[in-house]
Amino acid sequence: MNFSVLGDLNWLAVIVAAVVYFAIGGLWFAPVAFGKLWQDAIGWTEADAAQATPAKMYIVPAVTCLVATVALAMVSEATTTDTFGEGVVLGLVAGIGLVGSGLFVTGFFDPRKPKPQTWISITAGYHVVGLLVAAVILALWT
């Protein structure tokens, strides 16, 4: 694989998959889902949450979802992933194998988080689900 695969990507599919991935995060980290548990896991208070800027809370995650989706699309294109089942496998490999394992070791060795295992579960769970859905979108929208 090389960077010339970027020219072969369906950029509309990439953008839609990135927006969906980001939107899943908005739901996942909402107070009615895992938001309060996640805040407790990292030791955030209501005051900390109130001080978070919109750029920090929305723009940075949106950009990282786009970057991750572009990388996922490159792998999808290089592996000719074009069925629902192949999309599921790609999403699980990327979500669990790459992101989940990286977050596990990061959370495992971070003594500042009051509940690192909760943080790992919630954060990795989001990325597994988000990448899984993004991979299926990319696979089916070829």
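Guide: Let us start with the lining of the largest pocket, where H4 gives the largest share, 11 residues. This is a predicted model, in which local features need pLDDT of at least 70 and side-chain atom pairs count only at pLDDT 80 or more, while totals for chains, interfaces and linings use all residues. Residues are numbered from 1 along each chain as its sequence is written, and side-chain values use heavy atoms, with hydrogens and water left out.

Visitor: What is a pocket, and what is a lining residue?

Guide: On a 1 Å grid over the protein atoms alone, a pocket is an open set of points where a 1.4 Å probe fits, with protein on both sides within 12 Å along at least five of seven lines; lining residues have an atom within 4 Å of a point. In this model the largest pocket is lined by 32 residues, and Gly 25, Phe 29, Pro 61, Tyr 126 and His 127 lie nearest its centre. Two or more lining residues come from each of helix H1 (11-28), helix H2 (35-42), helix H4 (54-78), helix H5 (84-108) and helix H6 (116-140). Such helices are DSSP runs (H or I, at least four residues), numbered from the N terminus.

Visitor: How much space lies in the largest pocket?

Guide: About 960 Å³, where a volume is the space filled by probe spheres set on the grid points, joined across faces, edges and corners.

Visitor: Which residues lie nearest the centre of the second largest pocket?

Guide: They are Ser 76, Glu 77, Leu 138, Trp 141 and Thr 142, among 14 lining residues. H1 and H4 are the elements that give two or more residues to this lining. The space in the second largest pocket is about 180 Å³.

Visitor: How many salt bridges does the structure hold?

Guide: A salt bridge is a side-chain nitrogen of Lys or Arg within 4 Å of a carboxyl oxygen of Asp or Glu. The structure holds 2 of them. Asp 110 pairs through its side chain with Arg 112 (3.3 Å, N to O) and with Lys 113 (2.6 Å, N to O).

Visitor: Is Arg 112 buried or exposed?

Guide: Buried means under 20% relative accessible area, exposed over 50%, and partly exposed in between (1.4 Å probe, protein chains only). Arg 112 is exposed, at 71%. Asp 110, in contrast, is buried at 12%, and Lys 113 also counts as buried, at 17%.
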